[in-house]
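Below is a short report on one protein chain. Please keep the sequence and the 3D view at hand while reading.

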Amino acid sequence: QVQLVESGGGLVQSGGSLRLSCAASGSIYSINTMDWYRQAPGKQRELVAQITTGGNTNYADSVKGRFTISRDNAKNTVYLQMNSLKPEDTAVYYCHSFLRRFGGRQEYSYWGQGTQVTVSS
């Protein structure tokens with residue numbers, strides 16, 4: 001069984017910072033991309049940031065220059081450093097990964113349970 005567990009969400013004032021973490025655990029053979037998505041009330045889930053195994057990154061235009069994604073491959077963990085937070089960043093943030101389990105022949109998509117980030121004005 002594989003789990004992605006997020007932590008680090010909370011309430012912060014506009015202009016503040018938060019750091020999200022997501023640890024993948026279980027019978028993992030290899031991890032490909034690790035991503036952060038978010039979903040605000042009444043809106044579709046959107047990709048916030050993505051990082052490959054080699055460290056290449058991709059960001060949504062709305063967070064470029066404010067958010068930084070990183071990963072520790074030895075710990076199967078991905079981080080999202082969020083600075084200069086705005087009220088429009090308020091959402092549930094989800095960790096996502098394509099990974100391969102031991103004994104498996106292909107990669108599958110896995111999601112965390114989500115962590116709430118609320119930015120007050």
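## The disulfide

This predicted model holds 1 disulfide. The bond joins Cys 22 to Cys 95, with an S to S distance of 2.1 Å. Cys 22 lies in strand β3 and Cys 95 in strand β9, so the pair ties together parts that are 73 residues apart in sequence. The angle about the S-S bond is -80 degrees, which makes the link left-handed.

Are the two cysteines buried or exposed? Cys 22 has a relative accessible area of 0%, so this residue is buried. Cys 95 also comes out at 0% and is buried.

## The four-stranded sheet

Strand β3 also belongs to an open sheet of 4 strands. The order is β1-β3-β8-β7, and the pairing is antiparallel. Strands β1 (2–7) and β7 (67–72) stand at the edges. Each has a single partner strand, so one side of each is left without a neighbour in the sheet. On average, neighbouring strands are turned by 15 degrees against each other, direction ignored.

Strands of a sheet pair through backbone hydrogen bonds, either parallel or antiparallel. Here, β7 and β8 (residues 77–82) run antiparallel and are joined by 6 bridges.

## The nonpolar core

In soluble globular proteins, nonpolar side chains tend to be buried together. The largest nonpolar core in this model has 31 residues. Which members touch the most other members? They are Trp 36, Leu 80, Met 82 and Tyr 93.

Leaving aside residues up to four places away, Leu 80 touches Leu 18, Arg 19 and Leu 20, among others. Its contacts also include Trp 36, Val 48, Ala 49 and Tyr 93. Phe 67, Thr 68 and Ile 69 are on the list too.

Arg 38 is found in strand β4 (residues 28–39). Its relative accessible area is 6%, so Arg 38 is buried. Which side chains does the Arg 38 side chain meet in polar contacts? One is that of Glu 46, at 2.7 Å. Another is that of Asp 89, at 2.9 Å.

Not counting residues up to four places away in sequence, Arg 38 touches Gln 44, Arg 45, Glu 46, Val 48, Ser 62, Val 63 and Phe 67, among others. The list also includes Glu 88, Asp 89, Ala 91, Val 92 and Tyr 93.

## The partner: Asp 89

Asp 89 is found in the loop between β8 and β9 (91–101). At 1% relative accessibility, this residue counts as buried, because the cut-off is under 20%. The Asp 89 side chain has a polar contact with the side chain of Arg 38 (2.9 Å), and a polar contact of 2.7 Å joins the side chains of Asp 89 and Arg 66.

Beyond residues up to four places away in sequence, Asp 89 touches Arg 38, Arg 66, Phe 67, Ser 84, Val 117 and Val 119. Asn 56 is 33 residues from Asp 89 along the chain, and their C-alpha atoms are separated by 23 Å.

Technical notes. Residues numbered from 1 in each chain as written. Predicted model: local features only at pLDDT ≥ 70, side-chain atom pairs only at ≥ 80, totals over all residues. Heavy atoms only, no water. Pairing = 2+ DSSP bridges. Helix = DSSP H or I, 4+ residues; strand = E, 2+ residues; numbered from the N terminus. Axes fitted to C-alpha atoms, helices over the stretch in contact; angles between N-to-C directions. Buried < 20%, exposed > 50% of the residue type's maximum accessible area, 1.4 Å probe, protein only. Polar contact = N/O pair within 3.5 Å; in protein donor to acceptor, adjacent residues only side chain to side chain. Contact = heavy atoms within 4.5 Å. Core = buried A, V, L, I, M, F, W, Y, C linked by side-chain atoms within 4.5 Å. Disulfide = S-S within 2.5 Å.
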